Structure formats: C-alpha cells, structure tokens
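Reader: I am new to reading protein models, and I would like to go through this one step by step. Could we begin with how the chains meet?

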Amino acid sequence: MAHLPRRTHSILLILSFQICFSTIFAVFGSVFFQEEFSEELLLKPLPDRKVLAHFHFETTAPPLSTSHGRHHHLFPKAIAQLVQKFHVKEMELSFTQGRWNYDRWGGFDPISSSNAKPPGVELWAVFDVPKDQVDASWKNLTHTLSGLFCASINFLESSTTYSTHEWGFHPSSGGLRYGTLPREAVCTENLTPWLKLLPCRDKAGLSALLDRPSIYRGFYHSQRLHLTSSEFHSSGVESGIVLEQALTVVLQPNSHKMSKTFSSETKLQPSWSLSSIFGRKVTGRCILAKTSNVYLQLERGLVTGLENLQKDNMITGPDHVGSGGLKDNPGFELSVRPDKMFKEVNSLHGKSSSILYEYSIERYSVFEPFDLGLTWKFPVVWSCPRAPLHSSRFLMGSGNQRGTIAISFTSTDLEEGFLSANIGEESCKLQADIFQVVPWYIKAYYHTLRVFVDGQPEAITNVVEKMHVSPSEDKESPGVMELVLKFPCAVKSAALTLEFDKGFLHIDEYPPDANQGFDIPSAVIIFPNFQTSMHYLEDNSSNKSPMLSKFQEKSPVLSYTEVLLVPLTTPDFSMPYNVITITCTVFALYFGSLLNVLRRRVGEEERILKNSASKKAGRLPQLLSRLSAKLRGKEWEPPQSPSTSSSFISSKLILKVFIVAGVAVFWQYYSE
Amino acid sequence: MGESESENEAPKVKLRPIVRLGMFLISHSHLLSVVCCTAGVLTLLLLPLLAKNTYISENALMPGSANPMLSSQEVSEANGLVKDLTSLDLKRMASGIESQRLIAQYMSNLGAEVSFQKFYPQSNQFHPLHFFSSPDSATIRENISCSSYGLNTVGIIRAPRGDGKEAIVLVTPYNSEKIGLGEALSLGIAYSVFSLLTRVTWLAKDIIWVVADSKYGEYAAVDAWLRDYYIPVFSGLGIQNAEMCHGLEENTIRERNMRDGFKRAGTMAAALVIKVADRSEQFEDSLSIYAEASNGQMPNLDLINIVNYLAVHRQGLRIKVEKMWSLLNCKWLKILGEILESLGHLAKNLNPQWKFGIPAADYVEGTATLTSSLYYQALGIPTGPHGAFRDYQVDAVTLEISSRVSSNNKGRQNDFLLRGGRLIEGVIRSVNNLLEKFHQSFFLYLLTSPSKFLSVGVYMITFALLVSSLPMVAASLYAHANNLDPSFEKNESNHPASAADELGITLRSWKWLYAAKKVLVVHLWGAVVLLLPYFICQIPNCTPTTSFVVWVLLSIFSLLILFWILGSPFSYVYASQPQQREWALLKSVTISAAFIGLCLMSVINFATAEIGALLMVPMCLMAHPLKLDVKSRKLRNFSRVACNLALGFIGFPPTAFLVFKGVFEGFDGISVGDFWNWLESIWAWSSATYLYIGMIHLPCWILCIHVILHPC
C-alpha cells in the first residue's frame, strides 16, 4: 500500500490506481477522526521459564448518530450488525485451551484477572432490551456467534446451559446471561474468524506473528472478544462501540542447550526472541492502526530480583556501577533498545515496582524486521503476585449415586503489610465471592453447604454474609449459587462442601457413544476487596495506549476454578436391543400358544393319536413314543394293530444310516 | 406322582406343557442331577480349551502405534536418581524423610507440582459391620504417635493443553526406611517416564506420580492417599495432629507449600502400579501382571491387553500371570490334556474346521493359570496396591518387572530402565488416547494365560450346570415327601376323607415349615459363628491354633444352645408321625437354601460361588441318612455311604482348606492354625468370601451332616 504507483503505459491502470488511492485516503481520513484501531503486544517472562504474550487489538466505532450511518471503514460489520440487531450492551466471548496456572503465572494482575478464562468457551452478554425479550435475544446471539466463530456456541441456547444471576459475577442490572461450554475444543477454525475481524487480518502488523503451529503448541491459549457499546444507553455519553480483542498465549521457549550448564543449582531462564517463540518476526505495523506497540513487562518480583543481583554485582565487581537504573541491568540483555521505559506508580507496595519497556514498531519494515530478543545472563528466581487465596475445586466421594463438590481455599501468604494497608483494621475480613453454576443433572442440595475455616467447622452464618441460590429445575434450568464469604484475615485454609446426587438423564440426552462423564463448569471466585490496577507513569497522556489504560481500570481480582468431570451412570445402550428381543420372544410365545389353543380340536387329535399308537412300530419308535407320551403327561398305550409302511423311522433305515455314517467317518479318517 | 390320582377320573385332565416338563424333570431328577453335575465338572475341566485369544477391543487405544520417545537421556537422568537413592541408603543418614525430600527435589526440578501426604497406619481391626460399606473417612484414628507416620510424595504434571478433567496415576511403592535396589529401579523407571511426560506435546490427561511410602504396607499407603483424594477430612484431628507433630524443620517456604497443599487432578482414568522384583529371572526379562482387586473385581480387560501387547510385541518381555505351580507337575492333568489333545486331533481329521484341541502342555499351563485366577478372585483379597483403586471404580493393574540379572552392570541396568520405561510410556500413551472411560472390553473374565481369557458367558456355564440340579432335586424330594404319604394311606384304608384327615393333610403339607425353621436356625448360627472371631481376637497372646480350637468349641457350644432353645419343640410334636420323610423335607429345604445362597454369591463374587458349588453341590445331592443305607446292606448303599463320608469330610471348610493346601503345597508343616490365619486375612480385607463361608457353606454342611446322621 505504501508504494507509489508507477507510471505505466496503460491509462486504465493509472485510473484504477488513482481510485485506489482515493479510497485509501478516505480510509485514513475516517480513521483519524472516527473509527480507530490499535494493536499492541505485551511480552512478559514468567517465573517458570515460560513467556507470556498478550496481544491486544482494539477497534472503536463512533455512535451511529455521528458516523456515516451503517457504513464502517475499520470496524467489522458483522459485529456492528450484531450489536444493533440484538441490542447488546456488553458482551464477552472467550475461547480457551489449557489452564491458567494461577500459582506460577500470577493471579493478581490485570492480565490474569481479565484474560485467564476457563477451558472451552465462555460467553456472557448484557442486553438492553425489556426483560422478557432477554432470553430470545440471547438465543439469537448464541446462534449468530456460533456461525461467526465456527463453534458450537449454539448449545448455549437451551436454558439448561445458561443462567442469569443477581450480583455475584458481574455487576449489572439484570439482562445478563452467562454460559460456558467446557467441552468445546478450540483450534484454528475459531482463530481465523476472530482474526478476520481485524482490519489487517493476520497479513500485516503484530497479528502477523500469529503462526498457528507455534501458538497452539503453547501451554495456554485464550482468545477473547470483549464488546461494549453505548448505543442504547438511555442516558450518559455515547461512546459508540468498543471492540477489544485479546489473545493470550503462554509459550515455552526452547532451551535445551542452556539448561544443562546450570543444572546443579538454579537454572538459567531460557533466552528467547520473537522469532524463536513465534517463528516469525514483525515486519512492520498494520498501516491502519493508530498505535502499534510492543511492550516488555518485568514483574515486581523480577525487578526486585534484578536489583538484588545488581547489588551483589556491585559488591563483587564494579563494572556496572556507572550505568543507571535497570537499563543496563546485569540479569539479561535485550537485543533491541527500548524506545521508552515506564515505571509502575505504586503507593501500596513499598518494594520495587514493575517496569515496562515500550517499542514502537512504526519504523520497522520488511527489510528491517523487528525481532525482540531477551538473553538471560544470570539466573533469577522470582514469584508472581498471587491472589489472596488460592482456590481449588474438586469432587469428593465415589460411586454413581452421590458426591460432594468441595471448594478449598488456602492462603497464599500475601505480604502482611499489603493486607493491613488495604484494610488497616484488627478485625479485618477477607471477602470472597463465589459464583457457581451447577447443571441440572447434578442435583445439588444447598442446605448441605458446610464451611470449614482452618480445619474447624464453622456456622454458615458466621462466614456467609450473603447468599443467593436458585435451585435447578430438571431439564429446565441449571442451579446457581452465589455466595459472599467473609473470612478472617488470618485465615490459613478454608473449605466449602456441597453435597449432590447424580441425576438420571433421558436416553437422548446422553452423548451417542460411551462418554467420559459430564462437566461441571468452573466456579468464579472474586475478591472484591482487592483491585488489580497497574498505573504506569507516562510522559504525555495524549496518546494513551488502550492496553495500558485497560490495565489502569480498577477491577476486582478474579479467578476461575477447575472444570470438574462427573461420571454419571451410563445405561447399557445395548439394553433396548435386548428388551426388543425379549419382548418379541414373549409375544411370539404368547401368540403361538394362543393360536394353538384356538385351532386345536382335542377330540379329533386324540382319535388320531389312538390310531397312530395302535399301529405297530419297531423298538426305537416304541421307545420314542413312550418318551413323548411321558412328556405329554399321558399314560402310554402299547400299540395294538400292526403296521409297517406308515412308521416314519424303521429299524432298517436307521441301520442303513449308521452304516453309511460309519463308512464316511472311516473314509475321512484314513484319507487324511 | 399325580398319575395315581388322575387315573380314577374319567376325562383325563391335560396339564399345561410347562407343568408337564417340570414333572418330567422332577421324576427324572436323579438321572438329571447326576448328568448336570458331571457335565458341570467336565466343562470346568474343558474351560482351558474354550479360552479365546484376547484382542484390543477399544480402537481408540491404539497401543504401540506411536514410536516410543523415551531416550537414553531420560534413562541417564533416572540412573542418577537410582544412584542417589541407593547411596542415600548406604549412608543411612536421617532415614525416612531424606529420601522423600530427594524424590521431591527431583520431581520439582522437572517442573511438576509436588506435595507430601502424611498418613498414619491403620491397624487391621475387625469391624463386623463394615462389610460392603464404602471406605469410611470417619475412622477414628486413635493413639497416633508422632513418630510413626508414612509420607507419600506426590508429583503432578498438568497436561499443557488438557482441561485437567482426567488423570492417569503412576504408583511406585517403596520402603522409605530401607530402599532396595528393586525399589530404586522402579522409582527410576517411573522417573524416566515422568521426565519424558513433562516435555511431550500429546498429553491430554494429567499425570499423577504417587511415590507411596510402603513402610506400613504398600496397600495401606496407596489406600491412605486415595482416601485423602476422595474423602478428605476438613475438620478435626488430622490437621491438628499434623500441626502438633511438626518435628521436622521446614527450611524453605517452598517446602512448606509442598506440605500443606494436597494437590489434586481430576477424575482418575487408570492407574499403574510399577514394581521391580528383587529376585532375578534366569532367562529373560519378564513382567508379571496382578489384577485381582477386592471381591474378585478385575480391571477392564483392555488394560491388561495393552500391557500384554506392548510388553510382548514392543519390548520383548515375557509376560507371566500367577499360576498354581504345583498343578504343572500333576500327572492326571497331563493325561487329561493328552486325551483332549488326541480328541482334538481326531476331530480335526474328521473336519478340518473343528479346532478345539490344544497341546497338552498348554492345557496343563492353562489349567494352572485358570486355577490361580479362580482362587485369587474367590479369595477376595487384592493381590497388590492396585486393589485400592478398584474400590473407587478406577481400573488399575500392578506390573512387576523382573530383570534377567541383578548385577550392577551399568549397560544392563540402562537397558532394563529403557525397556521398562518404554512399556509404561506406551501404556500411558494408550490410556491417554482414550476419550471415554474404559468400557469396551470385559470386566468379568478369567485368564488362562496372559493372552487368553474366558468371558463370563463361558465360565458361567459350569456354574449353571452345577447349580441347576439343586432346585430339581429339592422339588422332587418335596414332592416325594408330600405325595407318598397319601398314597400309603389310600392303600391302607379306602374310606372317604374325613374332616380330621383333611386337617392332617393340610398340616402335613405345611410340614416343610419346620424343616425351614431348622434351616433358618442353623443359618442364624452361621451368622453367630461369623461374629465369634471378633471376640476371640480380643484374647491376648493367642496362637492361631488355640484361637481356632476356641472358635470351634464356641461354635459347637452355641450350636447346642441354639438347638436346645429353638430346635427342640418340633421334634417331638410330630414324633408320633413317621419320621421317614422328615429327613427328605429337611434335605429339600437345605438344598433350596444352598441354591439361593450360591446364586446370591455368584452375583457378588462369581469365583467364590463357583468353587463353593463345586464343593457343596455333590455333598448336598448325595446326603442320605446312614441308618437307612446301613439297614439295606447292598453294595450300592455302601458306596453311597462312602461317598457321603468323603464328601462330608471335604465339604467342611477347614478340612477342605487343609486338604487343598496339602495337595498344592505339600502336607508337611500344616496345622489347623493355618486355617485360622487364612480366615483372619479374609476378614481383615472384608472379603465377601468370609460371609459366604459362614452364612452359606458352613450351615449347609451342618445340615447335610444332620441329614446323614438322621435317626430315621
């Protein structure tokens, strides 16, 4: 696009190029004033030798009233239509593969609390329609999205899979629907339509990095689409539609050569570069993007570790004394010098704050691709900030009849100063909200809810401050449990148990083949007292990056628990076949005997029997008739009149048969 | 029979065919019962011929379709672990916790999540009411001393792209106090697989590696871990005790994190217990498979099939299944095998498509394997730590690998680790492929060799044949006892039946109730006998022989008391009546009770029912009062007396046990105390066989003896 059109012989071609140009200018003009697109990539080394890459694309469209009607330049038309058709106020759709490791990858930063999602598909949406139309809108929305993203989101249509909730998960005033499909397999077929929503697709800009094999080889892959629109806000400022697309991947750089050297003590972190983890380089920005930046984030813990390292180095060798800050830090080396460096503004944490390096990729091109590399020089060990309580959920009990869902919390040893700074009281309380959707085939008994704090059973009223339960209805709606728990701050471990019965499914509700079990979707655990926000000191606030401003937003710490698998009783599906066979046999016997009774004439039969019995027979037939008479339960009458021809089996015949058979056996035996 | 009555009536009433068939069966019950019994025994002997080759039923398993990825690199790492463990043992410094720490260190270096699980040994106590109850979390742990606890080390690999709903479990039991080379090697095999699995991309299920501390027994450690996994206790003693007993210094925060979290991964799909035998094989590396869990439950046949397939066709290991070794040298079995072989040849000559003959050696081997398979299923005691998994509906199997030479030859050991590791890797990969539960293949089967099996449809024929004669004989005895009396009366006096006579007939037709009462009382006594060992156990310093003798004496005493209280009244109310038929009624009711009991048992543990039927059915059928036989001095009667005595001797559980033990293991050094020990082990594992012996077998034997000694 940036190349100037050459003069050619054909006028027609020139003409066409001019048309082309004019459209480009038009696009540019509109971008500048109305629709905006920005692309950003955040890279972050993780403590367990992995690298987090977080792509963030944001497209905004002005409100309908100020733009050119239904025409869009950058904003995907499909999404705009969807918003207008179903009056979506807010919506979030995520496709995730793998599990976010809250212990090692962090649970207390904006990335983890907004981008760590349960495996499979999660969708929630807020509609701006009257209450009675919400369900219909949801149904239509799920169908549209399933078409748009090549996924079976339409299974969320049935009321057994989605639920409404009051206050637990997302503060909204009704009209919110929430549903998850833990079983959905996520792959490129879902990524491609997602990329199609970007103005440059994956042809240029940062999205060109998304090499499918390398991103799906990762340990975690989550693509997210978040939509806010204020089209239908009755009051307040109209900001149009904001479409935020984020892709979070956790990748493992290859590090076999390096790990050998330090295997005795702490290992050196693997070095990586964009080309080594993605297999591609950034060959320039998406020309339609307003901002196109790459960030490298160093966590608080890492910065502390590096500072310690620097101090040690200062003591041992005075080489690095002159260099200021962490720009020439001893721990690692960057292949590209950053354009800017931000420090996190933190008032709470006394220790060091995290650092963000910014690279603007506007000046890179195909000839000079951007390939950020990070080479570690010394091993650094650090840990991620974690949520105040580590939560895990599991099933208890065995057998096909009943079980127990347990959610256990363990304290993650937050710094005490942090807790006290946050609340600053002696009798402080740690609040945790739980939002749990239970499918109807798990018949949860909410009265059996029990709470244990530090290994002691606790009265529910002491801990549970607020509770909202809507029991499930068979084949109608799932059960929803929302709890507000208040633990004492010094809590070390806590557990919640909820008993359930495993229900029976109708035959057509089972999957067609033998199954591994049924899923209980993740519970959402929210810590509303703890806000994640990262505020970076920036030089000028005029061209604020959308991702960083997103980080600044205060949002509660949120984590998802594991998906659970409940093995339900699976009937033997060959049983219908057996039943059919047995009933057919019974029917045949019944009708056979009925017919027999109907057409039998007893007197006639006895006469015939007498006649036949009176005929003389050989020894064997005599025996046979004796036996048959015995079987019939009659007295055997000895034959009276002689007869020869009519007897079916005569002794001579039998003798002949035996002789022939013997000869045959003999012949066979000796011919072999 | 009914003919004598119906003869008088002018129009013959034609009975329904089913009734006629029944009457026919009853009238020929003697012949039929003999035929059925012999056919049952014959089919039991023919079972090794009927065994089918195993095949992998579930296509998704695809064993051996991928090349093994385990390389010498993992093996050399594993060798490091083996060396560290054995040297640790040589140094003997701070035994116990040190080895667990070492293993945990190795695990966490691989990037696995590591946690420790502390457990206390549970004494084997007899809980009379704990049969069939699921494992109970509320077992009171009394007198736990801080020093005596086991420490399991658990490492979990999360599948990178999996959803964490399912997990595959690897178990390596080892004694933390004294690590043998075999145990160290088994840890090495598991470690090599584990370290491979941290890097593979195909993993869909999480991998849990449980290093079970077998200080207090392998089963106990695995069972304790499973109990914590499935039925954790949130409140109460456990945690407090753990807090109090913190004698150990925890150095780092990391280690403390390992300690307090019991880590979990989803539903278990399958479990493999890996052991390396300390003894060495003579010829080649071999693999023993143990699969029997409590009450004769078996894992899905497909799991055994995968192991068998991979071991034989990929790793070149020789597979062994448990056998009755003494049967291999059995003369008559060899002769029978040869006869069957020649019969098979003959049949093949007649028609080349008839292929039922197998070589005599195979037959003998198959019989030995089948016998042990039957015996271990009937015993109801798990044959290894895998049994603990079956209680939670997890398919599990124990693999015991033994190497050819147990020398310290380095290359040899590497090769051994590589082969073992590749086998485990292949099995895990197959199970990992599985999208659903194990469901495709058999759960009820007997093995006649590692690659041959008998499905339930085949081996139940034997049982059905044996048992089918029981109701026939019972019915015929009942019919005889009821109908012969009126015919006598008719012959004596032909006058019309008076009202008193009618009453007599109705009373007589209800006479079986008294017999039933007697049978019920004896069965109740059986329940009492079952409970007696609980009290005998409380007696301190008791040798097995004395406790057995005490048990027998108490049982006889209780039997006498019961007879004195309950048994006496009916015996003299009808003393005036001819007692001729009383024994027949009693035998009939006994046989019905035995039939019901055997059928019930066949649902719970088929193998027990089969062996029980083999012992009990001939005894029940043959029982005949000695007095009658002795009176009519004929050869036939004397042979019957001999049979009765022999069967009565064999049918008594202790003598049966001792005789079979003597036959299989040699008669020297056998004492009645062995039976007591055997019985104790059965109830300690709460096997249903114990209930069977006490509630069904023993009462039936008593009743049969009662019939034999009946004063008529």
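Author: We can begin at the interface of chain A and chain B, where the rule finds 2 salt bridges. Please keep in mind throughout that this is a predicted model.

Reader: How much area do chain A and chain B bury between them?

Author: The size of an interface is often given as the accessible area lost when the parts come together. In this model 52 residues of chain A are in contact with 45 residues of chain B. Of the area that the two chains bury, 53% is on carbon and sulfur atoms, and the value is about 4,000 Å².

Reader: Which cysteine forms a disulfide with A:C200?

Author: A disulfide is a covalent bond between the sulfur atoms of two cysteines. The structure holds 1 disulfide over all chains, and in this link, which is right-handed with 70° about the S-S bond, the sulfur atoms lie 1.7 Å apart, the partner of A:C200 being A:C286.

Reader: How many residues apart in sequence are the parts that this pair ties together?

Author: A:C200 lies in the loop between α5 and α6 of chain A, while A:C286 lies in the loop between α8 and β10 of chain A. Because the two cysteines sit in these separate loops, the pair ties together parts whose distance in sequence is 86 residues.

Reader: Which helix supplies the largest share of the nonpolar patch?

Author: The patch lies on the surface, with about 920 Å² of accessible area together, and its members include A:F666 and B:W354. A:F666 is found in helix α16 of chain A and is exposed, with a relative accessible area of 55%. Both α16 of chain A and α12 of chain B supply at least two residues, but the largest share, 4 residues, comes from α12(B).

Technical notes:
Residues are numbered from 1 along each chain as its sequence is written. Chains are lettered from A and ligands numbered from 1 in the order in which they are written. This is a predicted model: local features need pLDDT of at least 70, side-chain atom pairs count only at pLDDT 80 or more; totals for chains, interfaces and linings use all residues. Side-chain values use heavy atoms; hydrogens and water are left out. Patches are made of residues with over 30% relative accessible area and no salt bridge: like charges are joined within 9 Å, nonpolar side chains (Val, Leu, Ile, Met, Phe, Trp, Tyr) within 5 Å. Accessible areas come from the Shrake-Rupley method with a 1.4 Å probe; for residues, only the protein chains shown count as cover. A salt bridge is a side-chain nitrogen of Lys or Arg within 4 Å of a carboxyl oxygen of Asp or Glu. Buried means under 20% relative accessible area, exposed over 50%, partly exposed in between (1.4 Å probe, protein chains only). A disulfide is a pair of cysteine sulfur atoms within 2.5 Å. Contact means heavy atoms within 4.5 Å. Buried area is the accessible area (1.4 Å probe) that two parts lose on being put together, summed over both.
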